Amino acid sequence: MSIRKKTMLMLFVDFLICLLIQLFGLFIFSWMFNYSWGKPVYSIVFCLTFFGVQYSRVHTAASRALKRKELKPVTEGLIMAAPLVIVNLVIILVYGLMQMNVIPIRDVVANVVYEFPDDAPRNANKIYLLSYIAMGVRLWFSHLSGFMNEKTPAALLLISPAITLLASYLGYLAGSKKYYLSDLIYKVQEKVKKKFNE
């Protein structure tokens, strides 16, 4: 399997791994949601995590291509991210069309009757299909959940494909130039140590 195809596939795997980490993080950081700053901070932390994972994957792909002397232009990073970005854009487009009722699903209601013991009354509960679809979309884009509510426009979700494109572009660029963030962190640590030791 070529580096490009493997990276395209692994970006999907990384997206799903990030989704699991974010759901786990939802339980750990649920206390933050009691504060006004909690939800945005949660989303910023997990957007940065998502960015880092995507960046790292494409950086590794560029480093491998450089070793094999198969390095391609920097736009290769964008090509690697294209399948994941397209899937997310399709989800956002369909969800946006549902929100605007172009796809007439906003008014679809299901009557659900819950089973109770024989002597309890059975009442039909109305469930709006769009509410369940919105929950699924919020789950898929859970790294943005701190910025979302029931009336959030689908356009806000475009942040996710933008993060993927930016991380992939910068990751491939850095990998092709042999630039490592760990080197930058090390240099900053050394400068801080020198300042304190003066």
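Two residues are in contact when they have heavy atoms within 4.5 Å of each other. Take the contacts in this protein chain between residues at least 6 apart in sequence: 69% of them join residues at least 24 apart.

Before going on, a word on where this comes from. The model is predicted, so local features need pLDDT of at least 70 and side-chain atom pairs count only at pLDDT 80 or more, while totals for chains, interfaces and linings use all residues. Residues are numbered from 1 along each chain as its sequence is written, and side-chain values use heavy atoms, with hydrogens and water left out.

Now the overall picture. The chain has six helices and two strands, and along the sequence they come in the order α-α-α-β-β-α-α-α. Helices (H or I, at least four residues) and strands (E, at least two) are DSSP runs, numbered from the N terminus. Of the 198 residues, 32% count as buried, meaning under 20% relative accessible area with a 1.4 Å probe, protein chains only. The accessible surface is about 12,700 Å², and 67% of that belongs to carbon and sulfur atoms; such areas come from the Shrake-Rupley method with a 1.4 Å probe.

How do helices pack here? Two packed helices are described by the angle between their axes and the distance between the axes. The axes are lines fitted to C-alpha atoms over the stretch in contact, and angles run from 0 to 180 degrees between N-to-C directions.

| Helix pair | Axis angle | Axis distance |
|---|---|---|
| Helix 1 (residues 3-28) and helix 3 (residues 75-99) | roughly 40° | within 9 Å |
| Helix 3 and helix 5 (residues 159-176) | about 175° | 8 Å |

Helix 1 is therefore oblique to helix 3, and helix 3 is roughly antiparallel to helix 5. Angles over 145 degrees count as roughly antiparallel, under 35 as roughly parallel, 65 to 115 as roughly perpendicular, and the rest as oblique.

Where helix 1 meets helix 3, the residues include Phe12 and Phe15 from helix 1 and Leu84 and Val87 from helix 3. By class, that contact has eleven nonpolar, two polar and two charged residues. Between helix 3 and helix 5, the contact includes Leu89 and Ile92 of helix 3 and Tyr169 and Tyr172 of helix 5. Here the count is eleven nonpolar, five polar and one charged. Ala, Val, Leu, Ile, Met, Phe, Trp, Tyr, Cys and Pro count as nonpolar, Asp, Glu, Lys and Arg as charged, and the others, Gly among them, as polar.

Finally, zoom in on Gln22, in helix 1. Gln22 counts as buried because its relative accessibility is 2%. Leaving aside neighbours within four places in sequence, Gln22 is in contact with Tyr42, Phe46, Phe50, Ser142 and His143.

How values were computed. Buried < 20%, exposed > 50% of the residue type's maximum accessible area, 1.4 Å probe, protein only.
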